[in-house]
Amino acid sequence: MADKREEKQTGEEGFPGFDPQSVESYMVKDPAALAVNLARALEHVGQAASQWLDAREAGDPVDPSADPVTDMVKTLSEVAQYWVSDPKRTLEAQSLLFSSYMGIWTRTLSKFAGQEVSEPEDLPRDKRFAHEEWVKNPFFAFLRQTYQVTASWAEKLVGEAEGLDEQTRHKAAFYVKQMTAALSPANFALTNPEVYRETVASSGANLVHGMRMLAEDVAAGGGELRLRHTDHTKFKIGENLALTPGKVIAQSDLCEIIQYDPSTETVLKRPLLIVPPWINKFYILDLTPQKSFIKWCVDQGHTVFVISWVNPDTRHAAKDWEAYIDEGLDFALETVEKATGEEKVNAIGYCVGGTLLAAALALHARQKNSRIASATFLTTQVDFTLAGDLKVFVDEEQLAAIEKQMHKTGYLSGSKMATAFNMLRASELIWPYVVNNYLMGKEPMPFDLLYWNADSTRMAAANHAFYLRNCYLDNTLSKGEMKLAGEVISLKDVKIPIYNLATREDHIAPPRSVFKGSSLFGGRVEFVLSGSGHIAGVVNPPEKQKYQYWTNGKPVGEFDAWLKKARETKGSWWPHWHAWIEKRNRSRVAARKPGGDALNAIGDAPGTFVLERV
């Protein structure tokens, strides 16, 4: 009996702890078929490489200053200089890493010997390594632990390097995270147990499918990789997205104005104007009827108007922030008054649309324009001191390169912004899809939110340059130094009621940044913190009963102190916001048809501007 137990523990391969069936799953079954499929996969890789090279041969020479790799090397060189300039520091850094490696090696040998081994508690939990083989199999466990220890060590070197200015340290930490995310053993076929086993089981068919998708995605991006996050064939705007009934009732060079059909007999007297970001399209607030914030507002009795921004091209190169206020926001306010007869409106600004709205309110205050009676900001920054990782991409050198690039075309390509946003969450929005699509050979699942996320837009050169310089680089709006229409504007002049929503896990408008900006307004601000992130924390229908929100009155003091005393409420913030709106004016009138008696419909919602793709 003892011999049989020993035989079972040792396994057929002679290594303690190995399950023979597990070993079997890593053995090549059909070498000939695998060789053929690897050749076919390499053929698709060659097609992708040709697309990539052709785009560069046909285009302008690459400006090294505009290459993020150049900035990464320059930044990380400053960190390296600190550690190599002193032999003692160099030895300390190396000793720290090698001692960790020795611990991993010792545990791995013990596991090969069939002993139960517990891992250090300080190793981070990472969903990229959720498969059981990353723990059970000594080889993959060794790879995972070595990677995690090395990644933590590299981040520690950045954190402990002295003599770095705040921006350089921030950039170095960001670039190290990008490098460690890219070099994860989960991202390579031979070091990912799931991919390896799939390759063996399918004789490499997964790589054929995956490399074909890679070639298709490079072709779709015009020589740049356009990573697919969802099955785009399953969605179409106006058919299963952006379905709330309404009419386009006005149009300028920069936008279409949509008014939605009422669904109640009476509506709030004060109309609602939504100012979405122009970096993405407005239908994030009208994805499906079940998720639509716009439809929900209509059903509560709001007369809803939405600005649908143009997807700019060369013709819009000179359209700056003043133009976006004049031909966008102010044009919309005039349209609302014509359609409803109401001069006063409630306004909502989302993300950069909220930043534009805040600047417009400060300008309106100087111009004695009181059309906007209350403002709601959704994940909006007006003070960019704590703006997070997006600041990595904005310094004088990088901004000058971006402006030079935009000067050639009149706009910034939507793919550039999409890449930047994906890099903020590379471990969630880049590498899992590289593994799933190109290594596992699987089509991504249909997901409306990720379809919207990939539906990127261009940025008009003058508008984008003004935004980056005045907000991210110089922070002029928070300092009371921004100049618009010949006026130096100040948010202290904005005294109307404000509802300011942040989301707890936001990587674009961090909650501390939104909280800090609340103190800049001259009137009363209701600060609310929602659970989840930049999108899911906003698009959270009450029926789903997901997440939560926190309230605590005025946003004074430090964010952490405010949150500690805040009241948590389960579910969506939408009803809380609606009650806040009604508290200021609950008067109602008969439901209004789009355009009223003054404006004729140009077309049906969601209009035509939203349909143009990059």
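Predicted model: local features only at pLDDT ≥ 70, side-chain atom pairs only at ≥ 80, totals over all residues.

Student: In what order do the strands of the open sheet lie?

Tutor: Strands of a sheet pair through backbone hydrogen bonds, either parallel or antiparallel. Helices (H or I, at least four residues) and strands (E, at least two) are DSSP runs, numbered from the N terminus. Two strands pair if DSSP finds at least two bridges between them. Here 11 strands run β15-β14-β13-β12-β7-β6-β4-β5-β2-β1-β17, with mixed pairing. β15 (567-570) and β17 (603-604) are the edge strands, each pairing on one side only.

Student: In which sense do β13 and β14 pair?

Tutor: Antiparallel, over three bridges.

Student: Which strands does helix α12 lie across?

Tutor: Contact means heavy atoms within 4.5 Å. Axes are lines fitted to C-alpha atoms, for helices over the stretch in contact, and angles run from 0 to 180 degrees between N-to-C directions. α12 (residues 321-340) lies across β1, β2, β4, β5, β6 and β7, at about 150° to β5. α13 also packs on the sheet, touching β4, β5, β6 and β7. Its direction makes about 150° with that of β7.

Student: How many residues of α21 are buried?

Tutor: Buried means under 20% relative accessible area, exposed over 50%, partly exposed in between (1.4 Å probe, protein chains only). In α21 (residues 511-518), six of the eight residues are buried. Among them are V514 and F515. Their cover includes β12, β13 and α22.

Student: Where is I508, and what is it in contact with?

Tutor: I508 sits in the loop between β12 and α21. Leaving aside neighbours within four places in sequence, its contacts include F421, Y472 and H534.

Student: Why does I508 count as buried?

Tutor: Because its relative accessibility is 11%.

Student: What joins the side chains of R371 and E337?

Tutor: A polar contact is a pair of N or O atoms within 3.5 Å; within protein, one must be able to donate a hydrogen and the other to accept it, and residues adjacent in sequence count only if both atoms are side-chain atoms. R371 and E337 have one of 2.6 Å. R371 lies in the loop between α13 and β7, and is buried at 18%.

Conventions. Residues numbered from 1 in each chain as written. Heavy atoms only, no water.
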